[in-house]
Amino acid sequence: MTTRAFKRDPQKATIPLLTLSHLSNLEWLSLRENNIPVLTPAVAFGKTNLRYLDLASSRIRAILDGAFGDLEILEFLNLSNNKIKFLTAGQTRGMKKMKFGDFSGNEIFELGGDLFIDSVNSII
(Lines give C-alpha, C1' and ligand atoms only; values in the text may rest on other atoms or scores of the structure.)
Protein backbone atom coordinates (compact mmCIF):
# COMPACT_ATOMS: atom_id res chain seq x y z
CA MET A 1 0.00 0.00 0.00
CA THR A 2 1.29 3.47 -0.86
CA THR A 3 0.74 6.00 1.92
CA ARG A 4 1.68 9.63 2.53
CA ALA A 5 1.11 12.02 5.40
CA PHE A 6 1.83 15.72 5.04
CA LYS A 7 1.92 18.18 7.91
CA ARG A 8 1.78 21.93 7.48
CA ASP A 9 5.02 23.83 7.74
CA PRO A 10 4.36 26.52 10.37
CA GLN A 11 6.32 28.99 8.23
CA LYS A 12 4.00 28.52 5.23
CA ALA A 13 0.31 29.31 4.83
CA THR A 14 -0.61 26.03 3.15
CA ILE A 15 0.77 22.87 1.60
CA PRO A 16 1.23 23.31 -2.17
CA LEU A 17 -1.29 20.86 -3.60
CA LEU A 18 0.64 20.57 -6.85
CA THR A 19 3.26 18.65 -4.87
CA LEU A 20 0.71 15.82 -4.73
CA SER A 21 0.03 15.63 -8.47
CA HIS A 22 2.62 12.92 -9.20
CA LEU A 23 1.35 10.58 -6.46
CA SER A 24 -1.18 8.71 -8.58
CA ASN A 25 -0.75 5.32 -6.84
CA LEU A 26 -1.59 6.59 -3.36
CA GLU A 27 -4.07 4.52 -1.37
CA TRP A 28 -3.85 6.48 1.90
CA LEU A 29 -3.37 10.26 2.22
CA SER A 30 -3.42 12.45 5.31
CA LEU A 31 -3.46 16.22 4.99
CA ARG A 32 -4.67 16.60 8.57
CA GLU A 33 -4.02 19.92 10.33
CA ASN A 34 -3.14 21.90 7.23
CA ASN A 35 -4.43 25.22 5.97
CA ILE A 36 -6.65 24.43 2.95
CA PRO A 37 -9.41 27.09 3.00
CA VAL A 38 -10.92 25.95 -0.32
CA LEU A 39 -10.83 22.29 -1.30
CA THR A 40 -10.44 22.03 -5.08
CA PRO A 41 -10.20 19.07 -7.48
CA ALA A 42 -6.39 19.41 -7.28
CA VAL A 43 -6.37 17.25 -4.11
CA ALA A 44 -8.04 14.29 -5.81
CA PHE A 45 -6.81 14.76 -9.39
CA GLY A 46 -5.39 11.51 -10.72
CA LYS A 47 -5.62 9.68 -7.39
CA THR A 48 -7.80 6.87 -8.68
CA ASN A 49 -6.38 4.35 -6.15
CA LEU A 50 -7.09 6.46 -3.07
CA ARG A 51 -9.16 4.62 -0.43
CA TYR A 52 -8.49 6.77 2.66
CA LEU A 53 -8.39 10.58 2.79
CA ASP A 54 -7.96 12.50 6.04
CA LEU A 55 -8.53 16.26 5.83
CA ALA A 56 -9.48 16.80 9.48
CA SER A 57 -8.67 20.12 11.12
CA SER A 58 -7.43 21.65 7.86
CA ARG A 59 -9.39 24.92 8.12
CA ILE A 60 -11.56 24.02 5.11
CA ARG A 61 -14.35 26.56 4.59
CA ALA A 62 -15.54 25.58 1.12
CA ILE A 63 -15.53 22.54 -1.16
CA LEU A 64 -15.74 23.13 -4.90
CA ASP A 65 -17.97 20.94 -7.07
CA GLY A 66 -15.98 17.99 -8.40
CA ALA A 67 -13.40 18.18 -5.60
CA PHE A 68 -13.63 14.40 -5.17
CA GLY A 69 -14.30 13.55 -8.82
CA ASP A 70 -11.44 11.07 -9.31
CA LEU A 71 -12.04 9.26 -6.00
CA GLU A 72 -14.41 6.55 -7.19
CA ILE A 73 -13.01 3.88 -4.84
CA LEU A 74 -12.57 6.12 -1.78
CA GLU A 75 -13.91 4.31 1.28
CA PHE A 76 -13.02 6.66 4.16
CA LEU A 77 -13.25 10.45 4.20
CA ASN A 78 -12.50 12.51 7.30
CA LEU A 79 -13.52 16.17 7.05
CA SER A 80 -14.06 16.64 10.77
CA ASN A 81 -13.25 19.84 12.65
CA ASN A 82 -13.21 22.20 9.71
CA LYS A 83 -15.43 25.21 8.98
CA ILE A 84 -17.62 23.69 6.27
CA LYS A 85 -21.12 25.20 6.09
CA PHE A 86 -22.61 23.61 2.95
CA LEU A 87 -22.50 20.13 1.39
CA THR A 88 -24.04 19.42 -1.99
CA ALA A 89 -24.26 16.45 -4.33
CA GLY A 90 -21.90 18.21 -6.75
CA GLN A 91 -19.19 18.33 -4.10
CA THR A 92 -19.40 14.59 -3.40
CA ARG A 93 -19.96 13.40 -6.98
CA GLY A 94 -17.76 10.48 -7.97
CA MET A 95 -17.43 8.78 -4.58
CA LYS A 96 -19.25 5.52 -5.26
CA LYS A 97 -17.58 3.21 -2.72
CA MET A 98 -17.72 5.43 0.38
CA LYS A 99 -18.24 3.45 3.57
CA PHE A 100 -17.46 6.03 6.22
CA GLY A 101 -17.53 9.83 6.29
CA ASP A 102 -16.80 12.00 9.32
CA PHE A 103 -18.14 15.56 9.08
CA SER A 104 -18.39 16.21 12.82
CA GLY A 105 -17.19 19.48 14.30
CA ASN A 106 -18.18 21.55 11.24
CA GLU A 107 -20.71 24.35 10.96
CA ILE A 108 -22.90 22.57 8.40
CA PHE A 109 -26.34 24.11 8.21
CA GLU A 110 -27.34 23.15 4.69
CA LEU A 111 -27.26 19.79 2.90
CA GLY A 112 -28.30 19.75 -0.72
CA GLY A 113 -29.07 17.08 -3.28
CA ASP A 114 -28.55 13.34 -2.95
CA LEU A 115 -25.38 13.26 -0.88
CA PHE A 116 -23.77 9.82 -0.92
CA ILE A 117 -27.17 8.30 -1.69
CA ASP A 118 -25.83 4.87 -2.66
CA SER A 119 -22.47 4.83 -1.00
CA VAL A 120 -22.05 5.78 2.63
CA ASN A 121 -22.64 3.21 5.35
CA SER A 122 -21.83 5.58 8.19
CA ILE A 123 -21.79 9.35 8.48
CA ILE A 124 -20.89 11.10 11.68
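**Charged pairs and a charged patch**

D54 and R32 form a salt bridge in this predicted model, and their closest N and O atoms lie 2.9 Å apart.

Reader: What makes the contact of D54 with R32 a salt bridge?

Author: A salt bridge requires a side-chain nitrogen of Lys or Arg within 4 Å of a carboxyl oxygen of Asp or Glu; the closest N and O atoms of D54 and R32 are 2.9 Å apart, and therefore the pair meets the definition.

Reader: Why is D54 called buried, and why is R32 called partly exposed?

Author: Buried means under 20% relative accessible area and exposed means over 50%; D54 has 3% and is therefore buried, while R32 has 31%, which lies in between, and so counts as partly exposed.

Reader: How many salt bridges does a search of the whole structure find?

Author: The search finds two, and one of them is formed by the side chains of E75 and R51, at 3.0 Å from N to O. This pair links distant parts of the chain, with E75 in the loop between β5 (62-63) and β6 (76-78) and R51 in the loop between β3 and β4, 24 residues apart.

Reader: Where do R59, R61, K83 and K85 gather?

Author: These residues gather in a patch of positive charge on the surface. K83, in the loop between β6 and β7 (86-88), has 34% relative accessibility and so counts as partly exposed.

Methods. Residues numbered from 1 in each chain as written. Predicted model: local features only at pLDDT ≥ 70, side-chain atom pairs only at ≥ 80, totals over all residues. Heavy atoms only, no water. Buried < 20%, exposed > 50% of the residue type's maximum accessible area, 1.4 Å probe, protein only. Helix = DSSP H or I, 4+ residues; strand = E, 2+ residues; numbered from the N terminus. Patch = residues over 30% accessible without salt bridge, like charges linked within 9 Å, V, L, I, M, F, W, Y side chains within 5 Å. Areas by Shrake-Rupley, 256 points an atom, 1.4 Å probe, with all protein chains shown as cover. Lys, Arg positive; Asp, Glu negative; His and termini not counted. Charge placed at Lys NZ, Arg CZ, Asp CG, Glu CD.
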